[in-house]
Amino acid sequence: MTSPCIYLDNAATTRMSSAAIQAMLPYMDTVYGNPSSLHSMGQRAGEALSDARRTIAALLGCDASEIIFTSGGSEADNQAILSAARWGEKRRKKHIVSTAFEHHAVLHVLKKLKKEGFEVTLLDVHENGIVQPQQVAEAIRPDTCLVTVMYANNEIGTIQPISEIGRICREKGVLFHSDAVQAVGHLPIHVHEQQIDMLSLSAHKFHGPKGVGALVVRKGVPLIPLIEGGSQERSRRAGTENLPAIMGMAAALTEACEGMEAVNARMQAQRDRMIAGLANIPHAALNGDAYDRLPGNVNFCFEGIEGESLLLLLDDRGICASSGSACTSGSLDPSHVLLAIGRPHEIAHGSLRLTLSRDTTDEEIEDTIRAVRDVVAHLRGMSPVWRDMEAGREPFILR
Ligand SMILES: *Cc1c(COP(=O)(O)O)cnc(C)c1O
């Protein structure tokens, strides 16, 4: 079945690969046993679970015992941060370092901890959307229990200096968590070499199924369960494992890692073509660093345009895109990520995120550039604010 739309919202979720779907089927149909059951059907399920765990661990550079399967990225983020906080609390270390442009699955947990009396330092990410390792080093205090910095941003795609931050945290004896949901399956990652103590991932961001992910936890890092019950996942996450989804995730990650270099080379060229095409639009600006960004991420602000209107008109032309993150679109709040990189409110409302996948074609890129140009011109033609700007009654903010 071919999709009728040009799908450029791959940072929100991806299409499942057929390898992932095929890998799931036997575990819904023939090998449906509970991995904890002692009979042969349960044992077969248990062996498959161990295989998937080993496969994923090998691809991420950690030990199989360090993988905890979760319901996705949000759960992994919550468990990592709350575990570090509870550990810190016992040692009177109630300070956490993070950044202003994390995903809400991180920011909202930090907000909750603040209400409980934790102190949170949210680092500035500069205009280019990248946090400097030096900022992390300077923010760490004797009472810091955790540093949590995302691997790559979900809105503007900027890639953070994770290995350097890992080294600093290890030197200072502070736990380091990274929300790597946008990076796993898209960038080479080695949890041990990069000195990451905890890492979150989610299968549906790399062509696997929704509702499954993992938290990687280095041996010895204290973890508390969010869900109590049976002794699955070594008592760190109760509940019967979602074996079909876990098998799909292992297959999707294998495929993504095997093809990564070739896919990224092609996608990066398409991304740069799209950036060049959209940068030609007057009073438009790329959000985030042009080079240190995910191979498939394009994010622009267009002056005088409402992001929502832009999205709806693009949708009419069969293009699925996003303005800001899926959680914020639908609300009228400007993106916290764009505000964090210093975009003023008026501009932060007019953003467009286009995220490519390995299935994106060159033709789709050209069609999209044309459509965005047309739609931006059309919307500006109807906007009184834009007319005031053109007449010089209001100043332009972008160039
Ligand atoms: C999608 C995403 C999440 C949430 O993952 P879910 O599996 O949907 O819960 C967390 N962090 C980042 C950076 C994401 O892109």
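Biologist: What makes the pair arginine 358 and glutamate 255 a salt bridge?

Modeller: This is a predicted model, by the way. The side chains of arginine 358 and glutamate 255 come to 3.3 Å, N to O. The rule asks for a nitrogen of Lys or Arg within 4 Å of a carboxyl oxygen of Asp or Glu, so the pair qualifies.

Biologist: How many salt bridges does the rule find across the interface of domain 1 and domain 2?

Modeller: The rule finds 1 there. For polar contacts, it finds 13 residue pairs across that interface, both partners at pLDDT 80 or more.

Biologist: Which helices each supply at least two residues of the side of domain 1 that touches domain 2?

Modeller: Those are H5 (104-115) and H9 (243-258). H9 gives the most, with 4 residues. By class, that side of domain 1 has 12 nonpolar, 13 polar and 6 charged residues.

Biologist: And where do the two domains sit in the chain?

Modeller: Domain 1 covers 18-258 and domain 2 covers 260-390. Their C-alpha centres lie 29 Å apart.

Biologist: How do you know that domain 1 and domain 2 are in contact?

Modeller: Contact calls for heavy atoms within 4.5 Å, and 31 residues of domain 1 meet that with 25 residues of domain 2, so we call them in contact.

Biologist: What is the area buried between domain 1 and domain 2?

Modeller: About 2200 Å², with carbon and sulfur atoms giving 57% of it. In domain 1, Glu155, Ile156 and His207 lose the most area to domain 2, together 32% of what that side buries.

Notes: Residues numbered from 1 in each chain as written. Predicted model: local features only at pLDDT ≥ 70, side-chain atom pairs only at ≥ 80, totals over all residues. Heavy atoms only, no water. Domains from an automatic or database assignment. Buried area = accessible area lost by both parts, 1.4 Å probe. Polar contact = N/O pair within 3.5 Å; in protein donor to acceptor, adjacent residues only side chain to side chain. Nonpolar A, V, L, I, M, F, W, Y, C, P; charged D, E, K, R; others polar.
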